[in-house]
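Have it open next to you while you read.

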Amino acid sequence: MHSEDSVANDHHHASDSTDVFGFWLYIMTDCILFGCLFTTFLVLHIQAMHGLVLKSYLNLYDVLIETFLLLLSNFTFCLAILNLYANKLFKVQAWLAITFLLGASFVGIEIREFIHLANEGFRWDVNSQASSFFTLVGTHGLHVSCGLLWILLMIIQLPLLKMTNVAKRRMTYLGLFWNFLDIVWIFVFTIVYLMGAM
């Protein structure tokens, strides 16, 4: 019996290690992806000396609102984590729901921005700078959308998982992913929007 428990514990530990390795491997590949997209944008932005240029179409007011919403969603997610470790299920779900609403508002403003740019004539197919802009910002927006689906799944799963180690591990991974998106957005805000407006 003791031997069976030992084997089960070893298997559980190996599974946890594989999960951690797999998650960080994913984050590393995402870093490479965004690094390539940022490099491409910078090269094409410098080359765009004539024709339609990004700064003529930017609305930094909306971008500031987007930044505030995403950073605030990070804070509300931290509150969800704190309540998770305090074993307060309802509060965890409530803070996750608020995080979801903030993230969804971010995506909504980004979609509205894309539609506005396209209506003004700055579409993804007009030049290489526009293509790199929509690809980079759109890829980040897609990641945020995936994060929103993950948050919804956690809200649904938490009553089933209760306050187990599995729930805490999944919430930790989600939190790291959400923090990663915030860090990427800071680079997007600085490099794409602030540099693009100059």
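What follows is a set of numbered points, going from the overall fold to single residues.

1. Ground rules. This is a predicted model, so keep the thresholds in mind: local features need pLDDT of at least 70, side-chain atom pairs count only at pLDDT 80 or more, and totals for chains, interfaces and linings use all residues. Residues are numbered from 1 along each chain as its sequence is written, and side-chain values use heavy atoms, with hydrogens and water left out.

2. Overall make-up. The protein has five helices and zero strands, so the order from the N terminus reads α-α-α-α-α (helices are DSSP runs of H or I with at least four residues, strands are runs of E with at least two, and both are numbered from the N terminus). Of its 198 residues, 42% count as buried. Here buried means under 20% relative accessible area, exposed means over 50%, and partly exposed is in between, with a 1.4 Å probe and protein chains only.

3. Helix 3. (The expected span is 1.5 Å times one less than the number of residues.) After the helix comes Gly121, with a positive phi near 105°.

4. Asn87 sits in the loop between helix 2 (60-85) and helix 3. Its phi is positive, about 60°, although Asn87 is not a glycine. Most residues other than glycine have a negative phi. At 48% relative accessibility, Asn87 counts as partly exposed.

5. Phe100 belongs to helix 3 and is partly exposed at 21% relative accessibility. Phe100 and Leu148 are 48 residues apart in sequence, yet their C-alpha atoms are 5.9 Å apart in space.

6. Aromatic pairs. There are 14 of them in the structure. The rings counted are those of Phe, Tyr and Trp (its six-membered ring), and they pair if their centres lie within 6.5 Å; planes under 30 degrees apart count as stacked, over 60 as edge-to-face and the rest as tilted. One of the pairs is Trp150 with Phe177: the centres are 5.7 Å apart and the planes are at 45°, so the pair is tilted. Trp150 lies in helix 4 (residues 128-161) and Phe177 in helix 5 (residues 165-197), so the pair ties together parts that are 27 residues apart in sequence. Trp150 is partly exposed at 26%, whereas Phe177 is buried at 4%.

7. Another tilted pair. Trp185 and Tyr193 have their ring centres 5.9 Å apart, with 50° between the planes. Both residues are buried: Trp185 has 1% relative accessibility and Tyr193 has 0%. These two also belong to a cluster linked by ring pairs, together with Phe106, Phe114, Phe122, Phe133 and Phe134.

8. Salt bridges. How many salt bridges does the structure hold? There are two (a side-chain nitrogen of Lys or Arg within 4 Å of a carboxyl oxygen of Asp or Glu). Asp62 pairs with Arg112, the closest N and O atoms being 3.2 Å apart. That pair links distant parts of the chain, with Asp62 in helix 2 and Arg112 in helix 3, 50 residues apart. Asp62 is buried, at 15%, while Arg112 is partly exposed, at 49%. Arg123 forms a salt bridge with Asp125, and its closest N and O atoms are also 3.2 Å apart. Arg123 is partly exposed at 38%, as is Asp125 at 45%.

9. Surface patch. Val20, Trp24 and Leu176 make a nonpolar patch of about 250 Å². Patch residues have over 30% relative accessible area and no salt bridge; like charges are joined within 9 Å and nonpolar side chains (Val, Leu, Ile, Met, Phe, Trp, Tyr) within 5 Å. The areas come from the Shrake-Rupley method with a 1.4 Å probe, and for residues only the protein chains shown count as cover. Trp24 is in helix 1 (residues 2-47) and is partly exposed, at 43%.

10. Cysteines. A search of the whole structure turns up zero disulfides (pairs of cysteine sulfur atoms within 2.5 Å). Cys78 is partly exposed at 38% relative accessibility, and Cys146 is partly exposed at 42%.
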